[in-house]
Amino acid sequence: MKITAALCTLTALLSSLAAAQTFSPDTEKSRIESSQLTAKFGPVPKPTAGIQFGGVMKALSNEYWQLLRSGYLKGASKYGVKVDAQAPSNESDQIGQLSMMNTMIGKGYKALLVSPQSDVNLLPGIARAGKTSLVINVNDAVAPTAQHFVGNIQYDNGVSVAQYLLKTFPKGGQVAVIEGQAGVYAAKQRTLGFKTTLAKNPALKIVASVPADWDRQKAFTTARDLLRRYPNLTAFYCNNDTMALGVVEAVKASKRLGKTLVFGTDGINAAYDSIKKGELTGTVDSFPSLTGEVAVEVAVRLLAGQKLPRVVATPQALVMKNTVAKYELFKK
């Protein structure tokens, strides 16, 4: 029995990896903007009484996932369902995250909203869920065998920061990228969008592109070392806000605050606070609370039999000091 189960898991992994070569939420043609759901499909149907969903996030130690969880709970209250939202203690406990998902499958939850720690670690759980649970991949890493994806266009995240730098520094400069976990879809796409767009001005040179695994301390150490090597660095682009806040500390320690710009990603409250203080230059807010609400809405619609596009794209925006007050309204 154990050998059979292992073979099934291996088969699922191999087929999923093959699917990963062709599925990209950023380029998927079967897509709709979340703001257009009601216009195209009508009001959200009333779900069956007592229906329960499972939410499997990456780690509640990162404020982004706390905000996503709050979105799940808001969506649950709004649409009349219950959501059991959980996460491991850190963003590298891939086995623990899969175990949480398996437990939820065993409880018979009708839908599972999953944000994998890597592109492969939850694939066995998705295979096991089979026809018993609807599986929706919610942002970040991409599990290609999930039936639907809800989240941001990750490529555009990097594009927005690069466009700002192109406009602000037409004469060029030195730029560094602090990447997320190597191999994760969101990190790859954010970095790709940034690099491809920045290449329009060869004078803006990327002198380093280094993963810091979504970790604040690693980002601090990496940025400190880079600032010693490139003391006139123009800007850092970071794949999430946690790392960006670590980079800000390195910039401050190097007495480069206001000279070396720092951009993050996610739009966590700590990033907004840092922007208002004049430390973090900006963040690409992906509105995680709203994303959580949309994911619950999508699950309710699908379980009611609506045929939605495979990808439901949620909004994002580059937030800086001159626009922070405007976008704070979305957090209330």
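**Cavity and pocket**

Tutor: The protein averages a pLDDT (the predictor's confidence in each residue, from 0 to 100) of 93, and 93% of the residues score at least 70. This is a predicted model, in which local features need pLDDT of at least 70 and side-chain atom pairs count only at pLDDT 80 or more, while totals for chains, interfaces and linings use all residues. Residues are numbered from 1 along each chain as its sequence is written, and side-chain values use heavy atoms, with hydrogens and water left out.

Now the empty space. Rolling a probe the size of a water molecule over the atoms shows where empty space is left. On a 1 Å grid over the protein atoms alone, a cavity is a set of points where a 1.4 Å probe fits but cannot get out, and a pocket is an open set with protein on both sides within 12 Å along at least five of seven lines; lining residues have an atom within 4 Å of a point. Grid points are joined across faces, edges and corners, and a volume is the space filled by probe spheres set on the points.

A search of the whole structure finds 1 cavity of 30 Å³ or more. The largest cavity has a volume of about 50 Å³. Its lining consists of Lys58, Asn62, Tyr64, Trp65, Glu91, Asp140, Arg190, Trp214, Asn240 and Asp266. Sorted by class, that lining has 3 nonpolar, 2 polar and 5 charged residues; here Ala, Val, Leu, Ile, Met, Phe, Trp, Tyr, Cys and Pro count as nonpolar, Asp, Glu, Lys and Arg as charged, and the others, Gly among them, as polar.

The largest pocket holds about 320 Å³ of space. It is lined by 17 residues, of which Glu91, Asp213, Trp214, Asp215 and Arg216 lie nearest its centre. The elements that give two or more residues to this lining are α8 (216–229) and α9 (241–253); helices (H or I, at least four residues) and strands (E, at least two) are DSSP runs, numbered from the N terminus. By class, the pocket lining has 4 nonpolar, 7 polar and 6 charged residues.

Thr291 counts as buried (under 20% relative accessible area, with exposed over 50% and partly exposed in between; 1.4 Å probe, protein chains only) because its relative accessibility is 0%. Beyond four places in sequence, Thr291 is in contact (heavy atoms within 4.5 Å) with residues including Leu68, Val138, Asn139 and Thr314.
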